[in-house]
Amino acid sequence: MYNNRGEAKTLLPRGIQMHIHKITLTNFRGATSLSICLHEHLNVIIGENGTGKSTVLDAIAIMLSWIISGIRGNRVYRLQISEDDISNNQGLASLEIICMDIDNNKTIKWRLEKGREKSGSLQLRDKGLIVT
């Protein structure tokens with residue numbers, strides 16, 4: 001996305017402060033179906049080894065990489081859902097993130113899916129950025 005001067009367009013004005021409102025993981029690693037609503041200031045994730053703390057953080061990192069590249073208008077650095085991230089015996093993994101503007105209640109919603117095809121190949125579907 002570029003303007004007529006060749007400059008990258010951004011989807012939101014500079015200086016907007018946003019926070020992650022909700023992250024949803026479906027068939028992503030060990031999380032069959034997990035939705036977490038986050039506080040706008042501080043969140044602490046605790047648990048024993050193997051309970052999914054890193055899974056949640058990795059999902060957030062993947063989704064933020066797509067949002068940031070969308071806001072900046074480039075596709076250079078986007079983390080991917082890998083085949084190993086799709087839960088066993090599942091055909092599709094999806095991540096969804098909802099971010100909210102602290103001041104104006106604008107919302108960014110982004111969903112990313114990766115599926116297996118019968119041939120064993122993978123499909124990546126970027127459900128896009130929805131700003132309301």
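Student: Why is R111 called partly exposed?
Tutor: This is a predicted model, so every value here is computed from it. R111 has a relative accessible area of 28%. Buried needs under 20% and exposed needs over 50%. The 28% falls in between, so R111 is partly exposed.

Student: What makes E96 buried?
Tutor: Its relative accessible area is 15%. The cut-off for buried is under 20%.

Student: Which parts does the pair of E96 and R111 tie together?
Tutor: E96 sits in strand β3 and R111 in strand β4, so the pair ties parts 15 residues apart in sequence. E96 also stands opposite R111 in the strand pairing.

Student: How do you know that β3 and β4 pair?
Tutor: Count the bridges: there are nine, in the antiparallel sense. Pairing needs at least two, so β3 and β4 qualify. The two strands form a hairpin with five residues between them. In that turn, N105 has a positive phi of about 60°.

Student: How many bridges join β1 to β3, and in which sense do the strands run?
Tutor: Eight bridges, and the strands run antiparallel. At least two are required, so this is a pair as well.

Student: What makes β3 mostly covered?
Tutor: Nine of its 10 residues are buried. S94 lies in this strand. At 3% relative accessibility, against a limit of under 20%, S94 counts as buried.

Student: Which residues does S94 touch?
Tutor: Leaving out residues up to four places away in sequence, S94 touches T24, L25, T26, R111, L112 and E113.

Student: What makes the S94 and R111 side chains a polar contact?
Tutor: The computed distance is 3.3 Å. The limit is within 3.5 Å for N or O atoms, and one atom must be able to donate a hydrogen that the other can accept. The pair is inside that limit, so it is listed as a polar contact.

Student: How do you know that E113 and R111 meet in a salt bridge?
Tutor: The N to O distance is 3.0 Å. That is within 4 Å, so it counts. E113 itself has 9% relative accessibility, under the 20% cut-off, so E113 is buried.

Student: How many salt bridges does the count come to?
Tutor: Five. Another of them joins the side chains of D85 and R29, at 2.8 Å from N to O. This pair links distant parts of the chain, 56 residues apart: D85 is in the loop between α1 and β3, and R29 is in the loop between β1 and β2.

Student: Why do D85 and R29 carry their accessibility labels?
Tutor: D85 comes to 7%, under 20%, so D85 is buried. R29 comes to 28%, between 20% and 50%, so R29 is partly exposed. Among the contacts of D85 are N27, F28 and R29, along with Q80 and A93.

Student: Which residues are linked with R29 in a network of salt bridges?
Tutor: D58 and D85.

Student: What makes N104 count as exposed?
Tutor: Its relative accessibility is 55%. Exposed means over 50%, so N104 qualifies. N104 lies in the loop between β3 and β4. Its C-alpha atom is 9.0 Å from that of I16, although the two residues are 88 apart along the chain.

Student: Why does I46 count as exposed?
Tutor: I46 has 73% relative accessibility, over the 50% cut-off, so the label is exposed. I46 lies in the loop between β2 and α1. Together with L42 and V44, I46 makes a nonpolar surface patch of about 380 Å².

Student: In which order do the elements run from the N terminus?
Tutor: They run β-β-α-β-β-β. That comes to one helix and five strands. Of the 132 residues, 33% count as buried. The protein exposes about 8,400 Å², with 49% supplied by carbon and sulfur atoms.

Note on methods:
Residues numbered from 1 in each chain as written. Predicted model: local features only at pLDDT ≥ 70, side-chain atom pairs only at ≥ 80, totals over all residues. Heavy atoms only, no water. Patch = residues over 30% accessible without salt bridge, like charges linked within 9 Å, V, L, I, M, F, W, Y side chains within 5 Å. Areas by Shrake-Rupley, 256 points an atom, 1.4 Å probe, with all protein chains shown as cover. Helix = DSSP H or I, 4+ residues; strand = E, 2+ residues; numbered from the N terminus. Buried < 20%, exposed > 50% of the residue type's maximum accessible area, 1.4 Å probe, protein only. Contact = heavy atoms within 4.5 Å.
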